[in-house]
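Please keep the structure open while reading this note.

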Amino acid sequence: MDDLALAIRMAGIRKSFSGNVVLNEVDFGLRRGEVHVLAGGNGAGKSTLMKILQGVYSLDAGRIEIDGRDVVLHSIHEARQAGIGMVFQEFSLIPTLSVAKNVFLGTERLARSHLLDDASSVTRTREIFADMGVDIDPNMPMSKLGTAYWQLTEIAKALAQNAKVLILDEPTASLAKHEVELLFALVGRLAASGISIIYISHRMDEIFRIADRITVLRDGNRVLTAPLSELSPADVVEAIVGRKVDGTLQWRERTVDRSGAPLLEVRALSAGRRVQDVSFVAHAGEIIGLAGLMGSGRTELARCLFGIDPIDSGTVHIHGKQIELRSSADAIAVGIALIPEDRRVQGLVLQHSVRDNLLITQLKGLRRGPLLNDRKGSATAAKLIQQLSVKTASPNLAVGRLSGGNQQKVVIGKWLGTDPEILIMDEPTAGVDIGTKSEIIERIRDLADAGKVVVVISSELPELLAVSDRIVVLRSGSIEREFERHEIENEHTLQLAIQGVSS
Amino acid sequence: MTDLAPLAALAGSPPGRLQILARRLGTDWRQYVIYIGFVTIFVIFAVTLNDKGFLQTNNLLNIPRQASSVAVAAVAMTFLISCAEIDLSVGSLVGLSGLAAAYGSLHGGLITAILAAVGVGLLIGVVNGVLVTYVEIPSFLVTLAMLWMIRGFGQWRTDSKAQPIASEAFRTLFGSNTMRIVWLVVFAVVGAIVLNKTRAGRYVLATGGNRTAAEFSGISTRKLKFYVFVGTSLCAAFAGMMVAANLNNYGKYENGTGLELSVIAAVILGGTSLFGGKGSIAGTIFGALFVQLIGNGLLLSGLESSQLDIIKGAIIIVAVALRREKSGAR
Ligand SMILES: Nc1ncnc2c1ncn2[C@@H]1O[C@H](COP(=O)(O)OP(=O)(O)OP(=O)(O)O)[C@@H](O)[C@H]1O
Ligand SMILES: [Mg+2]
């Protein structure tokens, strides 16, 4: 390989956190203008490697070259000056500030008076968005915008700082299909203009669509670097998992007894602007998939069913009995559980240990007299950690220290353990690696086999198609169509339905 | 495109701005509760208390005069609360810095008095700042402890006695009717510029809005918070000079008792978020004036100060409740 063409060369990178080796002699080379995928299981060390490149973590050993010159990056600031821009897995935006203020946060434009020149930031932000081909009002406060726009704003922020290298850490984890398309088009344009892109992703289809080359990490070791044109999806999965597996998610036809009364019945539910006249039923043992675009009301429907958002009209029945849903406590009392969309905000107490986070939902079952049974608690937690292969140095590690995908597993484990009657999962596998994805799907099937109802919201269609018995398509808050799973031929059929193109 | 974009933006801007303003007033009226409240109460008093002299120039000017020391401390507190910290020790510091100024005036004059008060403020600010940002003790605890320690120290060193201010110049500079209003305006203007128009102010809001994100944007949040603590204490010391120079013309350890609460109330009434990330200096100033306005009017109407406290408390609850964004309706 021609080393001169490398925008970045990392060699022999080592990093450990309190004795745990996270990166072991990792080499990584990024060519100018290429899209280079960084793949690997949850906790393989992808984010850590990138944080080293970004000056967030110091390295224990190894060297970094940027444009052929040795550099030592002590801080984010230095990395940024060296032309490295990162779109973090956890966003680096301030919800209370406007888009333009966020784009120029840390690199504010000053007027001649040395005061902030917000007018020029707004103009420049508008230009950057125009170049990116997206339409965002720079004056909007961040908190009023959805996830997709946060992503785009992060990218704009990196571009505003003249990044030559752009690191995207699971950028599509929470994007809807058409937003993903927008992002891909943007990535292609940026690469064509000479910007090098490091792209971290767990989604096989994306990897092959977008990337020129791939590097795979496994348990902190680099196991593969190659052009994607020389690889098959199976090769990539094998490199990630470490053994030959079938990476594709398979649908398994399940028989559901629909003769009796439904376990869950939703009648003409309306709430706010996002849920309008939604009715559906689910029988015991059934897995319902909720499909729809971002903003189609899937999350809002879930929030209503969990008693968080107030219901304007309509009723919810469980075992034929109408129930009141005024708070999440009401919902939990009748056996409804929700695995929320945004794990960091709604799902976890980041400073608390993995064990405590897993057990918080099931303290009742762990009581011994007035006290908690610690031994039983630890056993329960250990079992969940093992079932979901949560990669953690110890159950007592603060959950905020885990890799993104492993945090997601903890959120899922937390609710799987409660044995709910009705489990609603909002984007349950966002950021989860391939191995664990099938594990989670297995767990969902187990729950359904045990006579529960599971409602799965997902923007990842292969996953939705693999797990659901029935798929309800939402559009602008109301039900567009309802399919039996076997009526759906392939992903494309479902995609058309979601986009409202009748077939 | 690069050349045309600003033009296009400019061309589109006048109606755009107006529309935005109208929309903001329509939906975000809660943000303006303090101004609406101020005007409403003012009008009510103007109508009902006209015969009691509410509208006389001197009475009206008394409102900013009496609010001035709270307002000066509250400007700094706005920064502190905006970056999601708090300082409960400002009231005690008002007492101690006043004492320091009194001693200074006795042993030198105007300059020594100022230096003594500012020195005390600097010292307390550094201690608060180090304990919160470097030792990482929550600011609520640090400053609560400092509240007692500062007051105890002042009482102990002075045997609970008042210390007269010996400098006429000092009394005029910080306590005269005119200067109190001048200081109020100066702090308000400088505070608003720093918060809205400088990097430091932007970083304060960013830090309070999401500390991790701010760090990841290259902001040294620890250093920033440290400086905000120091600034808050310095402003409190300034307020201490104003209190000492005013009415009584002496410094006493218990000057400023409870003032920290009025300061925090002014900040919160003014629309600054207790959780950080959002702050308004104009709001804070009006918050301070609002509390003073209520006191002024109710006293004129013949209520006793005990009754007045009850009503003041109730009005604060109502104002903050009105401003609260509805939860759940996201
Ligand atoms: N600050 C930290 N302290 C302790 N351990 C850490 C810290 N940061 C990361 N780790 C550990 O390092 C390992 C690698 O984490 P990293 O975030 O790099 O994984 P990843 O490959 O990005 O995974 P994912 O796909 O889930 O995002 C994990 O086991 C994680 O628990
Ligand atoms: Mg990661």
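The numbered points below begin with how to read the model.

1. This is a predicted model, in which local features need pLDDT of at least 70, side-chain atom pairs count only at pLDDT 80 or more, and totals for chains, interfaces and linings use all residues. Residues are numbered from 1 along each chain as its sequence is written, chains are lettered from A and ligands numbered from 1 in the order in which they are written, and side-chain values use heavy atoms, with hydrogens and water left out.

2. Ligand 1 is surrounded by 20 residues (a residue counts if one of its heavy atoms lies within 4 Å). Among the closest are A:Lys46 and A:Gly405. Domain 1 (3-241) and domain 3 (345-419) of chain A both contribute to this shell, so ligand 1 lies between them; the domain bounds come from an automatic or database domain assignment.

3. Two side chains make polar contacts (N or O atoms within 3.5 Å) with oxygen atoms of ligand 1: A:Thr48 at 2.5 Å and A:Ser403 at 2.6 Å. The protein buries 90% of the 640 Å² that ligand 1 exposes when taken alone (Shrake-Rupley method, 1.4 Å probe).

4. In chain B, B:Phe45 and B:Phe54 form an aromatic pair (ring centres within 6.5 Å; planes under 30 degrees apart are stacked, over 60 edge-to-face, the rest tilted). Their centres are 5.6 Å apart and their planes at 65 degrees, which is edge-to-face. B:Phe54 is buried at 0% relative accessible area (buried means under 20%, exposed over 50%, partly exposed in between; 1.4 Å probe, protein chains only).

How values were computed: Polar contact = N/O pair within 3.5 Å; in protein donor to acceptor, adjacent residues only side chain to side chain. Phe/Tyr/Trp six-rings, centres within 6.5 Å; stacked < 30°, edge-to-face > 60°.
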